[in-house]
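Please examine the sequence and the structure shown here.

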Amino acid sequence: MKGTSLTRGAGILLPVASLPSKYGIGTFGRAAYEFVDLLVDLHQKYWQVLPLGPTSYGDSPYQSFSAFAGNPYYIDLDILKEDGLLTTEEIEAFSWGDDEEDVSYGILFENRFPVLKKAFERFDTEDVSFRAFCREQENWLDGYSFYMALKTFSGNAEWTAWEPDIRDRKSKALEEYRVRLADEISFWKFCQYQFFDQWEKLRSYANNRGIRIIGDIPLYVSMDSADVWEHRELFQVDRSGKAQLVAGCPPDAFSDDGQKWGNPLYDWDKMEQEDFSWWRRRIKANAKLYDVIRFDHFIGVVRYYSVPAKDTHARNGHWRKGPGKKLTDAMAESLGESRMIVEDLGVVVPGVKRLVQRTGWPGMKILLFAFDGNADHEFLPHNYPNSNMVVYGGTHDNEPLMGFFNEKCEYELAFLYNYLNINNKEEIVDAIIRLAYGSVADVAIFQMQDLLKLGMEARTNLPATIGTNWRWRLGKKELSEERREWLRTLAIVYRR
């Protein structure tokens, strides 16, 4: 893959959390390798996994304790058993939930870390590869592990609620707690070592079989994160972590009130003074994780939406100027061999399309929203200006295609029927997949739910809601051999 464009191909969007496993959530274990094999069998070239960071309140991978760390839930327990760090009895002594098609984050939160601590007790912290990992990742690993140790010590409270001396990073308090929590800090480093070791082996397996990994990075980081606690001078917060303004988006098709995300806003002037060094480190770290980075909410680079922190909604927000090309230049210099996709969707902001064109990075088209009866719609394939783009059936924020179109009346579907040359709802999903594969877009991506023709029950995320998202799992559902052959044929016919 040379330049900024992507190799023509097709891929599947399936979060790691949604993979089958015996332990309550998808992991980097056997099922992940089997999914890579499935991608190869279907003549796919891409696997989109969404962010891999440790999840916080609300369980969203877009709200993480760190912009650099990995989610310990994805560490496969069977691999730890093979490495002699756990026994079958220790793993099976805990409950991992009874529903193989649902992630129970409450159970995971209670049980995963006690099991990982049992593995840590048997682990040799003087291991050469572990010590090398700690040295190589020192610039974020020390701060993250200290943060998680302090968070555990503080009853999992956000850092803004910690004792003032440690909240405000007083030197004496930092020294005292580093000594006091030394073993706990080492445990969190162990978790990251296992995460990255297992992930790198899985990614290498995928790459060697011709599969490239697409991973998401959110524009913003969580207030409850090591990043803000350590580097609050880079964010629009005061010493104690209070913010007058926070991130969000204006009213749109998802929400009449807009969305108040609550993330701290960046102090872009300060970041520019430091030559965007934090962003450079972040992009370099993600470029080591993924072959292709999908940059979520790219609009915010050009202009970001600022919401009063005291409000419960986002109707009173205002647009403010972002860093634009200064940031994208720094990002481009940090990508190395990885490639970038930008999520340039949502509210149309002047300058976004111009900046996307200047970077050369491919943007996105969503077929789910293309059939409103307007033949000029930019998401319809006959209007694509070139091949440098990624076409999706829908993203993780959208309904599965089957569920979305089943709720439409025949009148609303008239244009779609004509465009796709079909006659009924049962034909829609396959016709849209064929449309995407046959388009000029370099890459076509579909959610696994769409390939399985699942309905609303399989939705991954409903924006502006909390409590029921990020829970769907694949379970034992599989593609029939007939459907596999159909997808293989599409990939061959359309040079995917």
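Which residues line the second largest cavity? They are Ser66, Phe68, Asn139, Trp140, Tyr144, Ala226, Asp227, Glu230, His231, Trp278 and Arg281. This is a predicted model, in which local features need pLDDT of at least 70 and side-chain atom pairs count only at pLDDT 80 or more, while totals for chains, interfaces and linings use all residues. Residues are numbered from 1 along each chain as its sequence is written, and side-chain values use heavy atoms, with hydrogens and water left out.

**Cavities**

- A cavity is a set of points, on a 1 Å grid over the protein atoms alone, where a 1.4 Å probe fits but cannot get out; lining residues have an atom within 4 Å of a point.
- Grid points are joined across faces, edges and corners, and a volume is the space filled by probe spheres set on the points.
- The count by this rule is 2 cavities of 30 Å³ or more.
- The largest cavity has a volume of about 130 Å³. Of the 19 residues lining the largest cavity, Pro15, Ala17, Pro61, Tyr74 and Trp470 are the closest to its centre.
- The lining of the largest cavity comprises 13 nonpolar, 4 polar and 2 charged residues (Ala, Val, Leu, Ile, Met, Phe, Trp, Tyr, Cys and Pro count as nonpolar, Asp, Glu, Lys and Arg as charged, and the others, Gly among them, as polar).
- The second largest cavity holds about 90 Å³ of space, and its lining divides into 5 nonpolar, 3 polar and 3 charged residues.
- Helix H6 (138-153), helix H10 (226-230) and helix H12 (277-289) each supply at least two residues of the lining of the second largest cavity. Helices (H or I, at least four residues) and strands (E, at least two) are DSSP runs, numbered from the N terminus.

- Strand S4 (residues 245-249) and strand S7 (residues 303-308) run antiparallel and are joined by 3 bridges. Leu245 has Pro308 as its bridge partner in S7.

**Helix pair**

- The axes of helix H4 (residues 105-122) and helix H9 (residues 182-208) come within 10 Å and cross at roughly 95°. Axes are lines fitted to C-alpha atoms, for helices over the stretch in contact, and angles run from 0 to 180 degrees between N-to-C directions.
- H4 and H9 are therefore roughly perpendicular to each other (65 to 115 degrees; under 35 is roughly parallel, over 145 roughly antiparallel and the rest oblique).

Definitions and conventions
1 Å grid on protein atoms, 1.4 Å probe; cavity = no way out; pocket = protein on both sides within 12 Å on 5 of 7 lines; lining within 4 Å. Pairing = 2+ DSSP bridges.
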